[in-house]
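The following exercises concern the contact between two protein chains. Please study the sequence and the structure before reading each solution.

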Protein chains: 2
Amino acid sequence: MVRLAPIPAGLPATVPFVGPETLERQSGRPFAARLGANENGFGPSPRAVSAMQAAVAEVWKYADPTSFDLTAALAAHHGVRPENIMVGEGIDGLLGLLVRLTVAPGDVVVTSDGAYPTFNFHVAGFGGVLDKVPYRDDAEDPQALAERARQTGARLIYLANPDNPMGSWQDGAAIAAMVDALPPGSLLVLDEAYAEFAPAEAIPAISADDPRVIRMRTFSKAYGMAGARVGYAIGHPDLIAAFDRVRNHFGMNRIGQIGALAALQDQDWLAQGVAQVAAARDRIAAIGARNQLTALPSATNFVALDTHRDGAFARRLVDALAGQGVFVRMPGVAPLNRCIRISCGPDAELDILEQALPRALATL
Amino acid sequence: MVRLAPIPAGLPATVPFVGPETLERQSGRPFAARLGANENGFGPSPRAVSAMQAAVAEVWKYADPTSFDLTAALAAHHGVRPENIMVGEGIDGLLGLLVRLTVAPGDVVVTSDGAYPTFNFHVAGFGGVLDKVPYRDDAEDPQALAERARQTGARLIYLANPDNPMGSWQDGAAIAAMVDALPPGSLLVLDEAYAEFAPAEAIPAISADDPRVIRMRTFSKAYGMAGARVGYAIGHPDLIAAFDRVRNHFGMNRIGQIGALAALQDQDWLAQGVAQVAAARDRIAAIGARNQLTALPSATNFVALDTHRDGAFARRLVDALAGQGVFVRMPGVAPLNRCIRISCGPDAELDILEQALPRALATL
C-alpha cells in the first residue's frame, strides 16, 4: 500500500548502529558504564556548558542558517577562509549530503572493509556501489584504496584518519601521497573525527582549496559534545558552496551551534581533555593486559583490545560485558572483529570496566 | 574542478530563506523586533527550559537514535501507536526525507503556487517535477490540488493546514474529502506545523494508519522551540518505518529531544501560549487597521496584512520595516505578495512594530 521510490524501496530495513538506550530497554536495566559509542565522558568545556545553558532561554529562535560566527571562528582556527568551511549536523549528516552531492546511482565508491558503517549506509542510500579494500595490519591501506579507485573509476573514496574502529592512524605524508595517486575527478573524504587525539604528524598538509579532498571534523569527540550534533567539512569553496543546494538550511540546533563556538574558544580545556583521554587509553590497555587482552595502538578516544580469538568470541565478550553493566562495541568484519572496542571515559567508569571485564571473561 | 552528480549539478545555488542574522550583518545593526520567521517569542514551557538546562550537562552523550521516550509520549498524546510516529530534525528535515523516500527523478509533485518554498526545495533537490495550483481566495485549494494530482499522476501532494504564508485554514472535512479524491498510489503530505493554533474543526479525522496521508507536526511553533529542531511525522507504520532506511539515525540533538518531551508534558503552558498568540494576532490586526492594512483571518501564529497594493509595494514595506528595526517577511508569489506577514510575539516586540509601521509607510 505504501509506495517507495526505487532506490529506497531496495534498501534494507536494518540500521547502522543500535543505541545503548535500546539495549538498556531490552535488558531492563541501565548501563553502569557507557563506553561503547566513542562518546567523551570527560565532557565539554565549562564555557560551552554555560553558553548552552544561556542559549536555552532563546531556543524559540531558529539558529543562524549560515552558522556565520561558528564558521568564521573555525576558519580562523584552521587558518583557512570561511568559504572553505561548511557546518552541519555532525559528520554523519555531512557525509550523507556529500554522497548525495557527488554520487549518482551506480557510481563506485571505495572504502575499507570494516570502516565506518554509516558512510556505507549513505552510499547505499543514494544508489552508490561500494567497493571495499581490506585493512592491512589493522589499519586502513591508503595506497590500496587509491589503486582500487583507479581500477574502478571511483567517484568517492573514504578514509578515516585516525581510523575507527581500530584506532590506528596514518602518517600525514602517506595520505598526501595517496591523494596524488587518486584518479582524476575522484574525491577523497578524509574523516578526521578523531584528529584532535592524534599526533601532529598524522594530519596531512593538504590545502583546504585542494579539490581532491574534503575533510570532516566534529565537536562530538574531543570537544565532548556528541549530543549537540555539530560537525564541519573543510574543502574547496566550490564543493563547500554546493552543500547549500541540498542541505537543510535551518537544520542546526541553536544551542549546539552556540555551544560549539564556546567550546572552540576554550582550547585549554580541549588540551586537558586530550590528556585525560590519553591517560584513559593507557588504563584501558593495562586493564586489558591483566586479562590477556592486548591493546592496539590508538590515536583516538577508544582502544581496540585484541582477544586473540575470533569474532564469535568477541561478540560473546561484548554481550557478557553488557550483562555486567558495561556498554562496549566491536568491529563488524573479520579479522578486525577479534577485537572489542572500548571508549575512554572518566575513572569512575573505568573502575566499573576493571571489575566487569574479568567477570565477563569468566562467564565465557 | 569539483564534479557533482547530475541532479545536484543542475540545482540553483539559491537558498529558500535568508535568515535574520544575515540581514542584520548586512545592515550592521540587530533587529529590535524579530517577527519574520514565525518563531514564537512567548517561548517554551519553563519545564522544557529546566529539562534542557539539565540535559546540557550530559550533552557528551548521543541522543537515543530511536527517540523512544518522545515517540511513546507523542503516540499517547495523539492516541496512536508508536509505530505511527517518526521523530526528526524539524519538519524541514522530515520533508526532505519524505521526498527522498517517495519521489524518483521525474515524478510529479503537486503543491500550491506560493506555498512552503522549503518543500519545493526538497522536491527539486531529488529531481522531482513540481506542478503548482493557484491559491483560491488566499487559501490553498484542496479539490484543485486533488484534481491536478489526478491529471498528472502525482506521487506526492503538499498541503499546509493551516496555511503558511497566508494563515488561512481548511475545514477538516474538506481535507478528508480531498484525500478521497486523490488518485491511487499518491500520498498527501499534510503539513500541520501550525495545527495547535487552529480551531478544532480544522483538524481532519484521518486515521494514522491511512496510507494515503502523512502528517507533519513540530515543536518549533506552538511549543516555542524552533531552535531545538524537533518535529515528527504521523503516518502508516510501513511509511514511518521506511524513514529508518535513509534517516540520519544519530541526527537528533539530545537537548532538544529531552526538551520536547518536557514541553509535550506541559499542555497548560501550550494552551496559555496559544491564547497569548491569539491576543497578539488581534493586536497585529489592530495595528494594521490603524495603518490602512487589513489583516487576513489567521489560524496560525502570524498575520498576513493586506497592503491593497502589489508585490513591489509590499517588498518596499518589508525593507522599510527592516530599516526601522523590525524583521518581517512576505509571500513570494502574486497575488499573495500584496501582503506582508508578521509573526506574533510578546507585547514588547509588538510595541516596536506599532511605532515602526507608520514610520515605514511614511518612507514609501
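Contact means heavy atoms within 4.5 Å. The model is predicted: local features need pLDDT of at least 70, side-chain atom pairs count only at pLDDT 80 or more, and totals for chains, interfaces and linings use all residues. Residues are numbered from 1 along each chain as its sequence is written, chains are lettered from A in the order in which they are written, and side-chain values use heavy atoms, without hydrogens and water.

**Exercise 1.** Describe the extent of the contact between chain B and chain A.

*Solution.* Step 1: chain A contributes 81 residues and chain B contributes 81 residues. Step 2: the buried area (the accessible area, with a 1.4 Å probe, that two parts lose on being put together, summed over both) is about 6,600 Å². Carbon and sulfur atoms give 61% of this area. Step 3: W60(B), Y62(B) and R245(B) supply 13% of the area that chain B buries against chain A, more than any other three residues.

**Exercise 2.** How many salt bridges are there between chain B and chain A?

*Solution.* Step 1: a salt bridge requires a side-chain nitrogen of Lys or Arg within 4 Å of a carboxyl oxygen of Asp or Glu. Step 2: the count is 4 salt bridges. Step 3: one of them joins the side chains of E21(A) and R254(B), at 3.9 Å from N to O.
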